[in-house]
Structures are given as C-alpha cells and as structure tokens.
Amino acid sequence: MQAIVAGLVSAVVGYASSFTVVLAGLRAVGATPGQAASGLLALCAGIAAVAIFLGLRYRMPISIAWSTPGAALLAATGPVPGGFPAAVGAFLVCAALIVLAGLSPWLARAIAAIPRPIAGAMLAGVILSLCTAPVRAVVDIPLLAVPVVLTWAILQRYRRQWAVPGALVAAVIGIMAHGPGLSGAALRPSIELTAPALNLSVVVSIAIPLFLVTMAAQNVPGMAVMATYGYAPPLLPVLVTTGLASAAAAPFGGHALNLAAITAALTAGPDTHPDPGRRWIATVALGAGQLTLGLGAGLAMALVLLSPPVLVIAVAGLALLPALGSSLASAVTEPEGREAAVVTFVVTASGMTILSIGAAFWGLVAGGLTALLLHRRTPPALDANRSRPVGVTR
C-alpha cells in the first residue's frame, strides 16, 4: 500500500504540474480544443502502458512522463506551415529518432556528447517566455493571478512538491468564481485521429529540437536520478519502448514520451518502500493513476478554455521555473563554453524564424558555430626546468 500511494501521488503531481504546458503547446502549433484534449489523453495512456510494462518487465521503478520541455518548445514555436497535421508528422519523426537512438548506441552517445552548456542554454531560451508569464498575469489580471502566485510561493516554502498543483487549484477556484462555469462543456474523453503530413521546415523546427530536448532534458537526467537511488535500467530498451509509444500516441495528438526525472525521485526513493526491490510497484500505480487522470482530459481542456490565456500560461510558467533555473545553471556554470551557451540562449530566446524554421534549431546552430570559432587548443605542457614545451627540440 505504501508503494501504491507513492505512485498515485506522483501521478497527481506529474499531471497537475504540467498538463497546462502540454495543452498550451499543442494549441500553439494548431491543435483544436478536441485535438489537444485527445493528445493529452493519448500521452496519459502511453505513460500508463509503458510504465506498467517496464515496471513488470524489469522490476524497477522506471517512471515515465510526457516531455514537458518538448511541450514548452511547441508553445514557444507557435503556428507552423501546414498546421497541426504537419506538427503530428514532426511528432512521428521525433518518435522515429528516439527509436533509432535505442537501436543505435552511437546516436545516444552523440546526443550525450552535446556540450551541457549549449543544451542547457537552448532549453532555457525555449522556456524563458513561458516563465515570464506569471509576471504578465499579475499585471494584466491581478484578481486571478495574485492568489495563484501567492499559493505557489507559500507551498514552495513548506510543501514544495505540492506548489504547482496548489497553484492550479487556486487558478481553478478563481476561474469558477469569475467565469460562466462548466455547463455545456464537453467533459467526456476526446479521441481524435489526425492524419500526419510531412513538411521539411516543420521537421527541422520541431522534430529535431523536440528530440534533442527530450533526450538531453528528460532521458539523461532521468537515468541520473535512477542511478542516484541505485538503479541501472537498460537505456536502449527504454528508448525503444518510449519511442514506439510516442509513435502510437502521435496520430492522436501526443508529442513525446520519455523517462521521468521529477516523478522518478518520488517513486525510486526510500520513502516509496523500505525494500528497493518492491519500489517498482509505485510505477505500476503511477501508470494506473495517469490513465485515470487522462480520462479527465476533456475537463482539463474545458477549464483551460474558460481561463484567460495568460493565466494558463502563468501556471505553466510556475511549473517550469525549476527547469529554467537548472538549465541556466548548466549553461553558465562552466567558464569553458560560456560564450557559446550565451549565444545559444540569446538566439533561442529571440523567437526568430528563418526559412520557416524555429529559433530552437538556429540557437543550436549558432551555439555550435560559436563553440567551434572560440575553441582553443590546449597549449603543450612546459618543462619546468627549461621553460619550453616538452618534446620540442632545439
């Protein structure tokens, strides 16, 4: 029972902390309300299937989540040529890349070889505009936004894991108190199939950055969290499984699935169960909880539609503040490569579009070129006695 409760709590925290980010991202790239709700349900079903399968297969607490940084990337990208069908096509390409990374160890190593400062700077640039939304909301709709921010701040001090869910509850109360209510809203689960379309510019601006942020900001930290608690899940089978599940969810509007990082800490730690060999039960419960929550995707979408858009983005921004802090820290902590990271951050945060390709891709390009330009070869070691390079003859 202890492990089951921990899994259900992690499901609620993971869902409530970032479902607004998912809905905002899907809507930004052209999804209708029904398509966005369908995407949320598809992601929850995918999490349930993968978490239960991996938990039973490997007897490890392998937590699965949707790609929150990926959803933030979609929200920052905005409308794309070809509309939502082109975005779904990009989701399928991203899923194929995840499967390929699982089948080809060299690709996973290549992603891991991306300099941490550049990867962190790209993620920070993607989510910066979302993280400023709480400030804009306080200015534009103070009666609704101030209670949300205060609730988040108080819970952040005393019950950190409930800070964002608490802010969401405050937002829902404000919406219901000042809005027309849910009468007439479609609350039943929504399943809508979208035929994918391939558009090269959308593939470059969505699929590749989505794959990179999912790998660098979710799968790699997720493995690190698992290792912290003494687990070593097989990365390549996990990538293949999440990639196949992402491909199955894409036609229904889901963008990407991956290893969890935050909820992994909730299910893999000693508070879940004293026996490490029994903690896998928590991830099975997490899967069941996510599927149950996914059936309420229609209600979640209805609440979002009733809310002022800036309030929805504000809740999403509060959820992404920890990610912004950690990504900025990884971008500038190391002096080596700091200039390239700053260039990556500035270009990505600019939101520019060139050749119909979004800023996240160009931020990676600019940062990589800057790193190559400023790369300095390590000078040869000096002989302490002769003060000249070792191995150099007269």
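**Exercise 1. At what angle do helix α6 and helix α17 pack, and how far apart are their axes?**

Before you start, keep in mind that this is a predicted model.

*Solution.* 
- Step 1: find the two helices. Helix α6 covers residues 116-131, and helix α17 covers residues 359-374.
- Step 2: read off the geometry. They pack at an angle of about 150°, and their axes are 10 Å apart.
- Step 3: name the arrangement. Angles over 145 degrees count as roughly antiparallel, so α6 is roughly antiparallel to α17.
- Step 4: The crossing of α6 and α17 is right-handed.

**Exercise 2. Work out which residues in α6 and α17 meet, and sort them by type.**

*Solution.* 
- Step 1: look along α6. Its side of the contact is Ile118, Met122 and Val126.
- Step 2: now go over to α17. There you'll find Ala360, Leu364, Gly367, Gly368 and Ala371.
- Step 3: sort the residues of this contact. You get six nonpolar, two polar and no charged. Gly counts as polar here, so Gly367 and Gly368 go into that group.

**Exercise 3. Are α6 and helix α7 roughly parallel or roughly antiparallel?**

*Solution.* 
- Step 1: get the angle. Helix α7 takes in residues 133-140, and it packs with α6 at about 15°, with the axes 6 Å apart.
- Step 2: apply the cut-off. Angles under 35 degrees count as roughly parallel, and therefore α6 and α7 are roughly parallel to each other.
- Step 3: list who touches whom. Ser129, Leu130 and Cys131 of α6 make the contact with Ala133, Pro134 and Arg136 of α7.
- Step 4: sort them again. This time there are four nonpolar, one polar and one charged.

**Exercise 4. How many disulfides does the structure hold?**

*Solution.* 
- Step 1: recall what you're looking for. A disulfide is a covalent bond between the sulfur atoms of two cysteines.
- Step 2: The structure holds zero disulfides.

**Exercise 5. Is Gln218 buried or exposed?**

*Solution.* 
- Step 1: Gln218 lies in helix α10, residues 200-228.
- Step 2: check its accessibility. Gln218 has a relative accessible area of 9%, so Gln218 is buried.
- Step 3: see what surrounds it. Leaving aside neighbours within four places in sequence, the contacts of Gln218 include Trp66, Ser67, Thr68 and Pro69, as well as Asn258 and Leu259.

Technical notes:
Residues are numbered from 1 along each chain as its sequence is written. This is a predicted model: local features need pLDDT of at least 70, side-chain atom pairs count only at pLDDT 80 or more; totals for chains, interfaces and linings use all residues. Side-chain values use heavy atoms; hydrogens and water are left out. A disulfide is a pair of cysteine sulfur atoms within 2.5 Å. Axes are lines fitted to C-alpha atoms, for helices over the stretch in contact, and angles run from 0 to 180 degrees between N-to-C directions. Helices (H or I, at least four residues) and strands (E, at least two) are DSSP runs, numbered from the N terminus. Angles under 35 degrees count as roughly parallel, over 145 as roughly antiparallel, 65 to 115 as roughly perpendicular and the rest as oblique. A crossing is left-handed if the near helix is turned anticlockwise from the far one by less than a right angle, and right-handed if clockwise. Contact means heavy atoms within 4.5 Å. Buried means under 20% relative accessible area, exposed over 50%, partly exposed in between (1.4 Å probe, protein chains only).
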